[in-house]
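Subject: Structure for you to look at

Hello,

Here is the structure I said I would pass on.

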Amino acid sequence: MAQLHDLTALEQGAAVRAGEVSPVELTEHYLERIGRLDATVGAFVTVTPETARKQAADAESAASAARREGRALPPLHGVPVPVKDLSQVAGVRCTMGSAAYAGNVATTDDHLVTRLREAGTVLLGKTSTPEFGLSSHTENALVPPARTPWDLGRSAGGSSGGAAAAVAAGLAPLAHGSDGGGSIRIPASACGLFGIKPSRGRVSPGPLLHDVTGLLTHGPLARTVADAAALLDALAGPMPGDPYAAPSLPPGETFAEHARRAPGRLRIGHITEAPVPGVEVHPECRRAAEETADLLRDLGHDVEELTLPGDESLARAFTTVWDVLSTVIPVPPGGERLLLPLTRHLRERGARVTATEFAGALQRMRGIAQLVDDVLQAPGTGYDVLLSPTLARLPLPVGGLRNDDDPEREFADVAGFTPFCPLYNATGRPAVSVPLHWTPEGLPVGIMLGGRYGDEAGLISLSAQLEEARPWAGRRPALW
């Protein structure tokens with residue numbers, strides 16, 4: 001018999017609107033699963049049962065009134081959605097994945113949390129992240145490591161690893177994540193989920209920690225394309241004070257509608273080699289992209305192999321900017337001694353970067369992004385979409401990337417693990433990780449699709465076409 005967590009998020013929302021399922025029932029179901037399974041997968045830093053029950057009761061009252069009055073409700077009304085622990089929820093602990101912030105309680109909602117409240121979603125809690133979101137695993141000093149439910153000896157990836165572990169293990173129907181260099185797409189690949197890194201400016205980062213570099217954005221992790229699109233609809237939209245704003249959809253359109261639209265015939269560039277010198281791509285990751293290229297051809301798209309020349313200047317510029325970003329979060333007095341070695345290492349490097357060096361790195365990053373855009377969008381020879389593996393390696397063993405004895409080595413190893421992802425943060429383009437491939441041993445391997453700036457809708461339509469051709473939501477890990 002199907003259980004509540006077998007339903008997609010949109011199916012849950014429809015059941016709430018019809019009065020077939022109560023948000024209170026949904027919330028209790030997920031709280032029970034969290035209590036039973038979270039110690040195994042390491043998804044949450046903080047669980048908020050009191051807040052969840054209050055919001056669920058309010059959502060049920062609103063749903064009952066809407067049914068009586070014949071009013072429509074948002075698609076995700078009454079559906080539980082956890083928030084990554086780098087974002088602020090007023091009255092809830094926000095640790096930033098750091099022991100230095102273990103007792104920190106937020107006083108203000110981030111804009112994305114305000115939007116989730118307006119959408120009627122229910123907060124189950126805050127999902128785990130590496131300290132300050134700085135690495136591509138989710139291992140911190142506060143809670144057990146986040147593990148992919150497909151192999152509990154392996155990492156869920158990062159930095160939205162807790163969010164991905166929660167969804168993949170059925171502890172939440174979908175989840176909020178953030179992505180500054182691959183942090184939605186990496187765990188989506190490791191956990192067999194669909195994840196969207198939106199265009200720069202699509203989701204407001206404010207009001208407290210605006211990212212002036214343009215690398216960071218927020219987006220959804222979900223089991224289906226339609227669920228992710230619906231959550232993006234809830235999150236998206238500019239707010240006063242935002243440094244960037246992505247082009248809006250035409251009036252009346254939604255991203256969820258694009259999950260039901262055919263993408264049309266597209267010109268797709270298949271990136272066959274990692275754009276970071278010296279990085280070898282695992283055969284299963286390469287096979288995943290090659291099989292997807294063949295599938296796209298079968299679906300009527302034009303797919304050509306494409307080589308992006310390895311350019312260390314982008315990696316150097318990205319690293320300089322990342323070092324500076326690591327210093328932005330203030331550390332409470334006496335808190336520096338509680339920071340992990342990688343965080344201290346990056347903050348020490350970032351503190352040595354001069355204003356001129358930082359400005360030069362941003363300028364180089366923008367210049368390379370402009371060059372990439374000019375080439376890829378050239379009339380007659382450009383591409384609508386870029387295809388590549390999401391990662392260069394399979395999900396790593398827990399502890400396989402973290403290196404407290406040599407944090408410089410850890411940061412260098414991140415580039416070998418995820419050489420394809422940062423390009424889209426540097427250019428501001430949207431990108432998605434699609435769970436189309438599993439190894440013979442049952443490990444998920446994501447493929448990445450990158451689109452033109454502002455065209456999340458096109459990526460959603462193409463991803464939905466792939467999902468229809470090769471469905472994946474029926475695949476579930478053993479602990480499901």
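The buried residues of helix α5 are Gly161, Gly162, Ala163, Ala164, Ala165, Ala166, Val167 and Ala168. Here buried means under 20% relative accessible area, exposed means over 50%, and partly exposed is in between (1.4 Å probe, protein chains only). Helices (H or I, at least four residues) and strands (E, at least two) are DSSP runs, numbered from the N terminus.

Before going further, note that this is a predicted model, in which local features need pLDDT of at least 70, side-chain atom pairs count only at pLDDT 80 or more, and totals for chains, interfaces and linings use all residues. Residues are numbered from 1 along each chain as its sequence is written, and side-chain values use heavy atoms, with hydrogens and water left out.

Back to α5, which covers residues 161–168: eight of its eight residues are buried, so this helix is largely enclosed by the rest of the structure. Its cover includes α2 (23–41), β1 (44–47), β3 (125–127), β4, α6 (185–191) and β6. Contact means heavy atoms within 4.5 Å. After α5 comes Gly170, with a positive phi near 75°.

Helix α4 (residues 111–118) has His111, Leu112, Val113, Arg115 and Leu116 as buried residues. They pack against β2 (83–84), β4 (174–179), β6 (217–222) and α7 (225–235).

Ser433 is part of β10 (residues 431–438) and counts as buried because its relative accessibility is 0%. Its side chain makes a polar contact with the side chain of Thr390, at 2.9 Å. A polar contact is a pair of N or O atoms within 3.5 Å; within protein, one must be able to donate a hydrogen and the other to accept it, and residues adjacent in sequence count only if both atoms are side-chain atoms. Not counting residues up to four places away in sequence, Ser433 also touches others, including Arg185, Ala188, Phe194 and Ile447.

Now the cores. A nonpolar core is a set of buried Ala, Val, Leu, Ile, Met, Phe, Trp, Tyr and Cys residues joined through side-chain atoms within 4.5 Å. Which residues touch the most other members of the largest one? They are Met365 and Leu449, in a core of 103 residues. The largest share of this core, eight residues, comes from α7. Another core, of 33 residues, lies apart from it, and Ala15, Ala172, Ala188 and Leu221 are among its members. Leaving aside neighbours within four places in sequence, Met365 is in contact with Thr213, Leu215, Leu314, Ala317, Phe318, Val321 and Ala426.

Last, the charged pairs. How many salt bridges does a search of the whole structure find? It finds 25, where a salt bridge is a side-chain nitrogen of Lys or Arg within 4 Å of a carboxyl oxygen of Asp or Glu. Three of them follow.

- Lys54 pairs with Asp58, the closest N and O atoms being 2.6 Å apart. Both lie in helix α3 (residues 49–69), four residues apart, about one turn of the helix. Asp58 is partly exposed, at 40% relative accessibility.
- Arg71 pairs with Glu69 (2.6 Å, N to O), and Arg71 is partly exposed at 43%.
- Asp151 pairs with Arg154 (3.1 Å, N to O). Asp151 is partly exposed at 30%, and Arg154 is partly exposed at 23%.

Salt bridges that share partners also join Glu253, Glu257 and Arg261 into one network.

Regards
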